[in-house]
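Good morning. I will take you through one structure, and I will keep to a few features of the chain. Please have the picture open while I talk.

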Amino acid sequence: MNRATHIPVLFGILRQLLFSWVCMKRVVVLDMPLLFETGFYHVTKPNNILISCSKETQLSRLVSRDGLQEREASARIEAQMPIELKQKKADIIIDNDEASSIVSLKESVTRAVEEIRRKSWFQAIVTSPLGVGFAVLLACRMVLPGS
C-alpha cells in the first residue's frame, strides 16, 4: 500500500510547495509523519520541527488513542525510526511529554514559528520567484554583455 501511495502523495506535496513558492509564502507547514524516514527532510531544510516525547508517553498515548494492547503499541513504536535519530535530523525540537500542557505546547510552537519567520526573511527574498528571476537576469547580462 505504501508503494502505491507514496509517489502520488509526494507529487501532491511538491505541487503544493511549488504553488506556495509561486505565491511567495514565507512559511509553509507540512505535517508529515514520515518526514525523516522518507528523507524528505532534506527538501524542507533548514526548518524541520520535530514534536518529541518519551517512549513511555508515546506508548500510553497509542494505547489510549488507538485502543491497542501495550505489546502492539510497542511493536508500532519499535518499527519507527528511533526518536534520538530524528532529533539529530531535526532543526527545532519541541517537547510534548506527559508533563507538558496544551498551553505550553502552543507556546512552544508559537516560539518556533516566530524563530523561523525571523530567520527566513532573507532566504524568502533570495529564493522567491522574483529573486530567482532577478538572478537569472543578472546571469544572462553577464554571459551576454551586449544585451
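Which residue forms a salt bridge with Glu78? The partner is Lys55, and the closest N and O atoms of the two are 3.4 Å apart. Before I go on, note that this is a predicted model.

Is Glu78 buried or exposed? Its relative accessible area is 56%, and exposed means over 50%, so Glu78 is exposed. Lys55, with a relative accessible area of 39%, is partly exposed.

As background, side chains of opposite charge can pair when their charged atoms come close. In this model the count of salt bridges is five. I will describe two others.

Take Lys45 and Asp91. They form a salt bridge whose closest N and O atoms are 2.9 Å apart. Again the pair links distant parts of the chain, 46 residues apart. Lys45 is in the loop between α2 (35-38) and β1 (49-52), while Asp91 is in the loop between α5 (83-89) and β2 (92-95). Both ends are partly exposed: Lys45 has 38% relative accessibility, and Asp91 has a relative accessible area of 33%.

Stay with Lys45 for a moment. What is the peptide bond from Lys45 to Pro46, cis or trans? That bond is cis, with omega near 5°. Pro46 is placed in the loop between α2 and β1.

Next, Asp66 and Arg65. They form a salt bridge with the closest N and O atoms 2.8 Å apart. Through salt bridges that share partners, Arg65, Asp66 and Arg76 are joined into one network. Arg65 is exposed, with a relative accessible area of 63%, whereas Asp66 is partly exposed at 33%.

Which residues make up the largest nonpolar core? There are eight: Ile13, Leu35, Phe36, Phe40, Tyr41, Leu50, Met81 and Ala90.

The model has one aromatic pair. It consists of Phe36 and Tyr41, whose ring centres are 5.5 Å apart and whose planes are at 40°, so the pair counts as tilted. Why is Phe36 called buried? Buried means under 20% relative accessible area, and Phe36 has 6% relative accessibility, so it counts as buried. Tyr41, with a relative accessible area of 10%, is buried too.

Tyr41 also has other neighbours. Leaving aside residues within four places in sequence, Tyr41 is in contact with Leu35, Phe36, Asn48 and Lys89.

Last, the outside. Leu18, Trp21, Val22, Val132 and Val136 form a nonpolar patch on the surface, and together they have about 430 Å² of accessible area. Which helix gives the largest share of this patch? The answer is α1, with three residues. Helix α1 (2-22) and helix α7 (129-143) each supply at least two residues of the patch. Val132 is found in α7, and at 35% relative accessibility Val132 counts as partly exposed.

Terms used. Residues numbered from 1 in each chain as written. Predicted model: local features only at pLDDT ≥ 70, side-chain atom pairs only at ≥ 80, totals over all residues. Heavy atoms only, no water. Patch = residues over 30% accessible without salt bridge, like charges linked within 9 Å, V, L, I, M, F, W, Y side chains within 5 Å. Areas by Shrake-Rupley, 256 points an atom, 1.4 Å probe, with all protein chains shown as cover. Salt bridge = Lys/Arg side-chain N within 4 Å of Asp/Glu carboxyl O. Helix = DSSP H or I, 4+ residues; strand = E, 2+ residues; numbered from the N terminus. Buried < 20%, exposed > 50% of the residue type's maximum accessible area, 1.4 Å probe, protein only. Core = buried A, V, L, I, M, F, W, Y, C linked by side-chain atoms within 4.5 Å. Contact = heavy atoms within 4.5 Å. Phe/Tyr/Trp six-rings, centres within 6.5 Å; stacked < 30°, edge-to-face > 60°.
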